[in-house]
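Welcome! Take a look at the model shown here, and then let us walk through its parts together.

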Amino acid sequence: MKPSAFKYVRAGSVEHACALLAEHGEDARLLAGGQSLVAMMNLRLARPSVLIDIGRLALADIAIGTGSVRLGALTRHRMLIEHLGLRRMAPVFGETARYIAHPTIRNHGTAGGSVAHADPTAEIPGLLVLLDGHVDAASQGSVRQIQGRELFRGAFSTSLKPQEMISALHFRIPAGRWGGNFLELAERVGDFALAAVGAVVERDGEQVTGARIVLLGAESVPVRASAAEASLVGERLTESVAAQAGAAAAAAQRCYGDVRASAGYRRHLLSELTRRALLTAYARAGAAA
Amino acid sequence: MMQITLTVNGVTKALTVEPRRLLADVLRHEFGCYGVRFGCSHGACGCCTVHVDGQPRLSCIAFAVQCDGMSIATIEGMPKDGALHPLQQAFIAEHALQCGYCTPGFIMALAPFVERGTDPTDTEIRDAMSGNICRCTGYDGIVAAIRRAIGERKRVDSD
Ligand SMILES: Cc1cc2nc3c(=O)[nH]c(=O)nc-3n(C[C@H](O)[C@H](O)[C@H](O)COP(=O)(O)OP(=O)(O)OC[C@H]3O[C@@H](n4cnc5c(N)ncnc54)[C@H](O)[C@@H]3O)c2cc1C
Ligand code: FES
Ligand code: FES
């Protein structure tokens with residue numbers, strides 16, 4: 001259980017990290033919190049020959065704008081739970097982050113690392129897709145935006161190029177009255193989810209004016225339940241409307257089965273979690289000022 | 001090989017290490033802190049928890065070179081003025097260990113929780129210790145020890 005040998009370089013800036021990535025190509029890996037990468041290196045599932053440590057860069061900042069939240073790539077999971085502005089403006093961030101691993105790991109794991117690692121049921125990729133987000137992908141001399149929906153290609157696979165580094169994550173927050181909710185089921189507290197659902201509901205009086213639903217555990221990447229979302233607009237979100245939307249969202253998914261849960265069980269979970277998340281998000285939107 | 005400086009339980013040492021050496025390994029073999037235990041070596045059991053600049057961190061998924069210049073505390077540094085940390089004392093009082101292999105990890109992970117905790121529910125205590133696995137004692141005694149240590153601290157605080 002020891003990693004293979006590598007060269008270690010500490011990056012002094014984003015530009016420096018990008019220059020090092022350009023120089024070393026696919027043999028190099030960025031090291032952020034190390035909470036996934038070092039475990040993989042110990043198991044020799046990863047054997048980079050150069051590690052570029054970005055962990056000390058000043059990229060752990062949270063900025064809340066009108067209709068948007070920006071997270072620096074090194075924002076630790078724990079900050080999403082504790083940040084006062086987020087707790088007020090978009091508590092769904094903290095609610096989601098509580099499902100990530102355990103307290104000690106949340107002290108160090110980063111938003112950028114989580115998105116780049118792209119575990120199929122990781123929570124922050126789910127939030128990025130739920131909140132119509134994008135990342136800034138920096139490379140030597142340029143920055144491009146990649147939409148969340150285009151970023152995730154499959155399990156542990158993204159459309160980031162080897163010479164690119166995520167510098168920030170951006171999320172779109174509704175302008176009017178809205179509520180959110182994130183729910184998941186895992187075998188034990190802190191384990192990766194069997195299935196998870198995030199929902200955002202906007203409302204005007206009793207009427208839904210917008211809905212977003214993300215499903216984790218349906219595919220190897222987070223997926224939006226677009227048809228179910230569209231069917232809710234203009235409705236009063238009653239128990240039966242929520243149940244129908246949940247059933248429709250889940251029925252449209254192929255779902256995968258593995259040693260932990262069959263495809264059928266995952267579909268059942270997605271349906272039920274969607275129903276509950278929608279009702280909670282709708283109620284919260286009603287309570288919002 | 002790289003030159004680094006680590007301060008461990010107040011003792012500062014300059015070392016030359018291979019970048020691939022894990023913090024846990026360096027703490028054990030270069031500093032003699034054998035209370036730092038390897039359980040799983042991939043972040044899943046909490047056995048190897050230490051404090052890096054005051055914050056709990058899993059030393060099996062950190063490289064020593066990442067911690068260059070930082071200050072580290074291990075279980076060996078927990079007793080103060082010859083007295084065990086209140087959480088260590090509570091573990092003894094509540095029989096929260098049998099073999100003790102997991103105990104340093106629990107103490108290091110939960111000491112900050114005990115030091116700031118007020119009146120946590122059992123669920124909050126279990127959430128706080130969810131990253132640590134004990135393979136032989138079971139968790140009820142550990143929950144009781146954490147509760148006792150918080151109660152003890154509050155009693156001292158209010159004196
Ligand atoms: C026991 C355990 C349980 C866990 N449970 C969960 C869970 O329930 N949910 C969950 O989401 N995660 C979980 N994790 C993973 C944890 O959230 C990680 O923190 C996260 O996946 C990766 O973040 P990191 O900063 O540690 O990245 P690292 O481990 O440093 O890096 C991960 C990968 O991302 C790349 N990378 C890092 N930063 C960037 C960047 N800015 N730009 C481009 N590439 C980058 C690295 O090169 C590497 O390939 C768990 C981990 C452990 C050990
Ligand atoms: S040995 Fe570090 S978490 Fe298990
Ligand atoms: S006391 Fe033996 S593993 Fe916990």
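## Reading the model

Helices (H or I, at least four residues) and strands (E, at least two) are DSSP runs, numbered from the N terminus. This is a predicted model, in which local features need pLDDT of at least 70 and side-chain atom pairs count only at pLDDT 80 or more, while totals for chains, interfaces and linings use all residues. Residues are numbered from 1 along each chain as its sequence is written, chains are lettered from A and ligands numbered from 1 in the order in which they are written, and side-chain values use heavy atoms, leaving out hydrogens and water.

## A buried arginine in chain A

Let us begin with one residue, Arg203(A), which sits in strand S12 (residues 195-204) of chain A. Is Arg203(A) buried or exposed? Buried means under 20% relative accessible area, exposed over 50%, and partly exposed in between (1.4 Å probe, protein chains only). Arg203(A) has a relative accessible area of 11%, so it counts as buried.

What does Arg203(A) touch? Leaving aside residues up to four places away in sequence, its contacts (heavy atoms within 4.5 Å) are Arg177(A), Val208(A), Thr209(A), Tyr282(A), Ala283(A), Ala285(A) and Gly286(A).

Chain A has three parts: domain 1 (7-53), domain 2 (62-172) and domain 3 (178-287). These bounds come from an automatic or database domain assignment. Between the C-alpha centres of domain 1 of chain A and domain 3 of chain A there are 36 Å.

Now find helix H8 (residues 123-130) of chain A, where eight of its eight residues are buried. Among them are Ile124(A), Leu127(A) and Leu128(A). After H8(A) comes Asp132(A), with a positive phi near 40°.

## Two domains in chain B

Chain B is split into domain 1 (2-77) and domain 2 (86-158), and their C-alpha centres lie 22 Å apart. Each side brings residues to the contact: 15 from domain 1 of chain B and 15 from domain 2 of chain B.

Buried area is the accessible area (1.4 Å probe) that two parts lose on being put together, summed over both. For domain 1 and domain 2 of chain B this comes to about 1,200 Å², with carbon and sulfur atoms giving 61%. Strand S3 (residues 49-52) of chain B gives the most to the domain 1 side of this contact, with three residues.

## Where chain B meets chain A

How many residues does each chain bring to the contact? Chain B supplies 29 residues and chain A supplies 30 residues. The area buried between chain B and chain A is about 2,300 Å², and 57% of it comes from carbon and sulfur atoms. On the chain B side, Arg20(B), Ile61(B) and Phe63(B) lose the most area to chain A, together 25% of what that side buries.

Eleven residue pairs (both at pLDDT 80 or more) are in polar contact across the interface of chain B and chain A.

Conventions. A polar contact is a pair of N or O atoms within 3.5 Å; within protein, one must be able to donate a hydrogen and the other to accept it, and residues adjacent in sequence count only if both atoms are side-chain atoms.
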